[in-house]
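Reader: Hey, I've just opened this one and I'm new to it. Could you walk me through it?

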Amino acid sequence: MPRFSVIVTAYKVQAYLQDCLESVRTQTCDDLELIVVDDGSPDACGEIIDACAARDPRLTPVRLTAHAGAGPARNAGLARATADYVIFLDGRDTLVPGALQALSDRLKETDSPDVLVHDHAVAHPSDGTVRTPCVATLTEEVAPDALPFLLTATDKAYRREFVESAGLTFPPGRFSDVAWTYPALMTAASIVTLGQVCAVERPLPLPAPPSAHLDVFAPYDRVFAFLTGRPEEARWRPVVHRRMLDHLALLAATARPRAAFFRRARAHHRRYRTPGTLVGHPLLRHGAHRTYAVLRAARALRARARRTTTAVRRAVRAVALRLHYAVQRRLPLRADRAAFATYGPGGDPAAIERKVRELAPGIRTSWLTDPDSFAYWTALARSAYLTSDTLFDPRLVERPGQTLLQTHRGTPLGSVGLDLADRPAVPMDLPRLLKDAARWDYTLSANRHATLTHEKAYPSPATTLEYGHPRHDTLHAPADVPGLRESLGIPEGFTTVLYAPAHRDHHRVQTPSLDLERLARSLGPRYVVLTRVAPAAPHPRIMDVSEHPSAEVLCLVSDALITDYAPLMFDYAHLDRPIVLHHADRQVFEAVRGTSVDLSAFPPGAVARTEDELIDIFTTDHWRGSRSAQLRTAFRARFCPYADAGAAERVVRRVFLT
């Protein structure tokens, strides 16, 4: 008997069905049967199912002679299920990698509960993927509060014997999940949760019939009929009644025809209410659809008035800020003031600011963080020194005596500045860039390659300071590496690999180009993978450090770096630790972004062109072999001429103390 029966319903989802089925077939836990129900789909769903069944004997196709809807289609799949647990998916949905293994592990930990509720994500066509978390561990006492959040059937695994003994089935029509989920949660003897995304839903914004929302009432009739037939579950009646009104209130704004919807809502409230219980939504309870429409229009007018008031306030404040800046520019510069700005946390400006406070305590420093504040414009107008690793505020008017230092954000590997003019996939404001570069007094560089690239990409009269990057000072200064590793939760004695791919300008969502779970499994139980791109699924030896504020700390705690085209490799080379390149999409990256360094001629270590080659480099220890060390030494000699902790001091003495 398999562990899981995954039931997939398919109707007009030919563009998504292949991905759905592959997400199930490629699960690491293969103790499953895949039951795919062709719900009379008029497109190529049937052909896709047949082709997949020919490749995988675990797939059982079920065909309905006519379109019956999601509920009857799921019932048809349920009749064929033989596994311990049942999972439902729509043909547009997918399981995340490792989902079934995570579910199986959780079921073992919790002694085979009747229902396991897991997190899921919703991939909206326009808003991206949004995680929908499940509630904390459900017990009999807290389950009523959880009911309104758990009305979908696809974020749960159900013990099949429990489903059969409870007589659970899906009704026809819309909102069939309501009539399934309430009875399942109310009658389950044990319910546990898994705080991990296991499935991704992909709803389609298709137009619904005008009276579609009226279909919600029939499933609630079925739920209350279920309660009537089970007197022992009477305690649930007021809970379901209250949650029904909450659900109806959510639908009321778009329900059509509104009058009929409110009449049905009033009838359902009166039919199923429990005397003595308190419920909200008085307009629904009384069927006052006209009052509801008036109040909703009034709320819309109030919201519009608030937006107008807010816009006026912002306009007035913007005028006040411009006047304030104009006044401040007419006051004398403050030679003892330095202001700093940065694209992200830390970086070269932060390292320079710390060194300024150490070597020039008479200079007061500040950070340019809030353009909507008067302090921001005061600092911009009166500070003698302005330092940034990104473009300065376009409204800045440079004053005589002000010194502008552009630190950039590291040694360039991909094309930057004017070199991006013919690469439309990478957004760039060329006029602003030229205007900004024309007023720089100093630019910072780490090596001759960066100097030549920046002078070509950012035409500027600035003096180039080829001093190294101040943020690299921490890589050469004494550091409590064991303490840093412990703060990140890295077990003592484990080898740590940092995975940091380059940003893909042509991708809306950044995802790993590697199967990180496979990598962790291949490396062995004494390895930890730190990833700068959020992994597809949690793993005990994969740590998501995509939000960590300090790249330098991550470099210090790791034993090796895996990257492709990320400039972080130039930073990491200062540590003289192994670097492995994964160039699976070299042609695509070079076509979209372009590169200023030929890594095939000057690699910092071993180069893999496929995932298999990458794993082989690690399993054979080639990643830290003599050849890799030779390549790294040559790379460091070319790109790390200032391998010391003195870059910040050199900058401060040249710019702030001369």
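Predicted model: local features only at pLDDT ≥ 70, side-chain atom pairs only at ≥ 80, totals over all residues.

Reader: Okay, what does lysine 355 pair with?

Author: Lysine 355 forms a salt bridge with glutamate 358, and their closest N and O atoms are 3.2 Å apart. The two sit three residues apart in helix α13 (residues 347-359), which puts about one helical turn between them. Helices here are DSSP runs of H or I with at least four residues, strands are runs of E with at least two, and both are numbered from the N terminus.

Reader: And is lysine 355 buried or exposed?

Author: Lysine 355 counts as buried, at 17% relative accessibility, whereas glutamate 358 is exposed at 52%. Buried means under 20% relative accessible area, exposed over 50%, and partly exposed in between (1.4 Å probe, protein chains only).

Reader: What about arginine 448 and glutamate 466, how do their side chains meet?

Author: In a salt bridge, at 3.2 Å from N to O. Arginine 448 belongs to helix α16 and glutamate 466 to strand β15 (residues 463-466), so this pair ties together parts that are 18 residues apart in sequence. Arginine 448 is exposed at 53% relative accessibility, and glutamate 466 is buried at 18%.

Reader: Which parts does the pair of aspartate 559 and arginine 485 tie together?

Author: Their side chains meet in a salt bridge of 3.7 Å, N to O. Aspartate 559 is in the loop between α20 (551-557) and β19 (560-563), and arginine 485 is in helix α18 (residues 481-487), so the pair ties together parts 74 residues apart in sequence. Aspartate 559 is partly exposed at 30% relative accessibility, while arginine 485 is buried at 12%.

Reader: Which residues are linked in a network of salt bridges?

Author: Glu22, Arg25, Arg55, Asp56 and Arg58 are linked that way.

Reader: Switching topic: which residues of the largest nonpolar core touch the most other members?

Author: Phe4, Val8, Leu17, Leu21, Leu34 and Leu100 do, out of 38 residues in that core. A nonpolar core is a set of buried Ala, Val, Leu, Ile, Met, Phe, Trp, Tyr and Cys residues joined through side-chain atoms within 4.5 Å. At least two of its residues come from each of β1, α1 (14-25), β2, α2 (45-55), β4, α4, β6 and β9. β9 gives the largest share, six residues.

Reader: What is leucine 100 in contact with?

Author: Leaving aside neighbours within four places in sequence, leucine 100 is in contact with Phe4, Val6, Gln27, Cys29, Leu32, Ile87 and Leu95, contact meaning heavy atoms within 4.5 Å. There's also a second, separate core of 34 residues, which includes Leu530, Met543, Tyr572 and Phe635.

Reader: And helix α4, which of its residues are buried?

Author: In α4 (residues 99-109), the buried ones are Ala99, Leu100, Ala102, Leu103, Ser104, Arg106 and Leu107. They pack against β1 (4-10), β2 (32-38), β4 (85-90), β5 (94-95), β6 (115-124) and β9 (191-201). Just after α4, aspartate 111 takes a positive phi of about 60 degrees.

Reader: Where is tyrosine 343?

Author: Tyrosine 343 is in the loop between β10 (334-341) and α13, and it's exposed at 62% relative accessibility. Setting aside neighbours within four places in sequence, tyrosine 343 is in contact with Asp389, Thr390 and Arg409.

Reader: Last one: what do the buried residues of α15 pack against?

Author: They pack against β13 (403-406) and α16 (448-457). The buried residues of α15 (residues 430-437) are Leu433, Asp436 and Ala437. Seen down the axis of α15, they fall within an arc of 95 degrees, so they line one face of the helix; that arc is taken from the directions from the helix axis to the C-beta atoms.

Terms used. Residues numbered from 1 in each chain as written. Heavy atoms only, no water. Salt bridge = Lys/Arg side-chain N within 4 Å of Asp/Glu carboxyl O.
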